[in-house]
Amino acid sequence: MSIPLLEYKPSSQNQRVDGYEVSSEDTPRIYRLEDSPNYDEIQQLIWAGYRQVFSEHEILKFYRQSNLESQLKNRAVTVRDFIRGLAKSESFRRLVVETNSNYRVVEICLKRILGRAPYNKEEEIAWSIKIATLGWGNFVDALIDSEEYLSNFGENTVPYQRRRYKGRPFNLVTPRYANYWRDKQEDSRYKWGDINNFMDMASSASIKTVTYTPVSTANIDIPDMTKESEPQGIPVSISTTASFPLR
């Protein structure tokens with residue numbers, strides 16, 4: 001028996017109110033399967049799916065899911081199933097799931113799959129419990145099969161950021177670690193002598209008083225290093241009148 005999703009009260013955030021911006025190049029482009037009749041357009045839709053899920057502007061060969069791409073081109077699967085397959089892929093697991101905490105994974109997936117930021121911390125906690133109890137695959141299914149996903153993207157639309165925040169897309173403001181997780185990792189690495197421990201280190205330092213002792217050079221016995229005799233067996237000079245045998 002799985003634990004039901006905890007109840008949380010959505011906050012009134014930017015993505016839940018009417019937009020006030022003037023349409024510009026920041027307006028997200030919507031990719032639909034029914035609007036992609038030829039090969040080039042279906043290829044653009046596939047790249048849009050990769051960009052949305054993996055948040056990468058350059059798709060590496062490691063991320064490619066050839067079987068999913070082929071099925072989508074042949075209309076054997078819907079765009080929703082294509083997004084589901086990308087989120088469940090080993091590439092996404094290694095790139096996102098295994099390198100973040102559950103709270104951060106929930107934040108990333110709500111942005112990339114549902115196209116919005118978490119309402120509040122309560123929603124992050126509720127969905128992180130789903131990951132812990134149901135596993136990663138069932139968590140992805142819960143998001144993609146949700147009423148919110150179907151009502152906004154349906155079967156054949158690539159998810160997109162439904163509301164911009166401060167004019168920036170999500171895929172430019174989602175580093176691998178959240179601030180709290182990065183700070184936690186930094187705290188665990190603090191060593192004695194770090195700036196955060198400076199006051200403790202300074203207060204524990206013992207100060208020794210140095211007593212001044214005058215020294216007189218008259219009391220220093222300097223040995224005599226002069227040589228009184230010439231060394232034996234070593235020529236002092238070379239005679240310039242030395243004779244050499246003539247030929």
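Author: Helix H5 is mostly covered, with 10 of its 12 residues buried. The model is predicted: local features need pLDDT of at least 70, side-chain atom pairs count only at pLDDT 80 or more, and totals for chains, interfaces and linings use all residues. Residues are numbered from 1 along each chain as its sequence is written, and side-chain values use heavy atoms, with hydrogens and water left out.

Reader: What makes a residue of H5 buried, and which residues are they?

Author: Buried means under 20% relative accessible area, with a 1.4 Å probe and protein chains only. In H5 that holds for Arg-104, Val-105, Val-106, Glu-107, Ile-108, Cys-109, Leu-110, Lys-111, Arg-112 and Ile-113.

Reader: How do you know that the span of H5 agrees with its 12 residues?

Author: The expected span is 1.5 Å times one less than the number of residues. For residues 102-113 this should be 16 Å, and the end C-alpha atoms are 16 Å apart, so the two agree.

Reader: Why are H3 and H7 called roughly antiparallel?

Author: Angles over 145 degrees between N-to-C directions count as roughly antiparallel. The axes of H3 (residues 79-87) and H7 (residues 136-144) cross at roughly 150 degrees and come within 10 Å, so the pair is roughly antiparallel.

Reader: Which residues make the contact of H3 with H7?

Author: Contact means heavy atoms within 4.5 Å. Arg-80, Ile-83, Arg-84 and Ala-87 of H3 meet Trp-136, Val-140, Asp-141 and Ile-144 of H7.

Reader: What covers the buried residues of H7?

Author: The cover includes H3, H4 (90-95), H5, H6 (121-134) and H8 (147-152).

Definitions and conventions. Axes are lines fitted to C-alpha atoms, for helices over the stretch in contact, and angles run from 0 to 180 degrees between N-to-C directions. Helices (H or I, at least four residues) and strands (E, at least two) are DSSP runs, numbered from the N terminus. Angles under 35 degrees count as roughly parallel, over 145 as roughly antiparallel, 65 to 115 as roughly perpendicular and the rest as oblique. Buried means under 20% relative accessible area, exposed over 50%, partly exposed in between (1.4 Å probe, protein chains only).
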